[in-house]
Amino acid sequence: MSGLRGQTVAGVLMGAGRLAWRTTPNGRPRGVFCGIGVCHDCLLTVNGLADVRACQRQAADGDVISTKDPA
Ligand code: FES
């Protein structure tokens with residue numbers, strides 16, 4: 001995926017049409033909710049570092065993004 005310089009990981013994902021990237025234990029989709037780093041709904045793994053808030057992490061060239069359970 002590509003994005004604009006300075007975009008967050010969440011911004012890049014949403015810009016590509018991906019609105020959810022994990023699920024709750026009961027299967028509900030989650031992506032960005034608050035967008036300000038409070039709710040932790042947007043957690044994913046960036047370059048092997050787990051539980052990164054996508055709305056707070058600036059995307060960088062070559063970032064490897066993954067989730068535990070793709071929504
Ligand atoms: S959307 Fe709430 S912490 Fe990222």
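**Figure 1. Side chain of His40 and the backbone of Val38.** A polar atom of the His40 side chain lies 3.1 Å from the backbone oxygen of Val38, a polar contact (a pair of N or O atoms within 3.5 Å; within protein, one must be able to donate a hydrogen and the other to accept it, and residues adjacent in sequence count only if both atoms are side-chain atoms). The model is predicted: local features need pLDDT of at least 70, side-chain atom pairs count only at pLDDT 80 or more, and totals for chains, interfaces and linings use all residues. Residues are numbered from 1 along each chain as its sequence is written, and side-chain values use heavy atoms, with hydrogens and water left out.

Figure 2. His40 sits in the loop between strand S2 (29-31) and strand S3 (43-46); strands (E, at least two residues) and helices (H or I, at least four) are DSSP runs, numbered from the N terminus. Its relative accessible area is 38%, so His40 is partly exposed (buried is under 20%, exposed over 50%, partly exposed in between; 1.4 Å probe, protein chains only). Not counting residues up to four places away in sequence, His40 touches Arg22 and Arg53, where contact means heavy atoms within 4.5 Å.

**Figure 3. Backbone at His40 and Asp51.** Most residues other than glycine have a negative phi. His40, which is not a glycine, has a positive phi of about 65°. Asp51 also has a positive phi, near 60°. Asp51 belongs to strand S4 (residues 49-53) and is partly exposed, because its relative accessible area is 46%.

**Figure 4. The largest nonpolar core.** Ten residues form this core: Val9, Ala10, Leu13, Trp21, Cys42, Leu44, Val46, Val52, Ala54 and Cys55. A nonpolar core is a set of buried Ala, Val, Leu, Ile, Met, Phe, Trp, Tyr and Cys residues joined through side-chain atoms within 4.5 Å. H1 and S3 are the elements that give two or more residues to the core, and the largest share, three residues, comes from H1. Leaving aside neighbours within four places in sequence, Ala54 is in contact with Thr8, Val9, Ala10, Trp21, Cys42 and Leu44.

Figure 5. A pocket is an open set of points on a 1 Å grid over the protein atoms alone, where a 1.4 Å probe fits, with protein on both sides within 12 Å along at least five of seven lines; lining residues have an atom within 4 Å of a point. The largest pocket has a volume of about 510 Å³, the space filled by probe spheres set on points joined across faces, edges and corners. Of its 21 lining residues, Met1, Val12, Ala59, Ala60 and Asp63 are the closest to the centre. Helix H1 (residues 9-15) gives the largest share of the lining, three residues.
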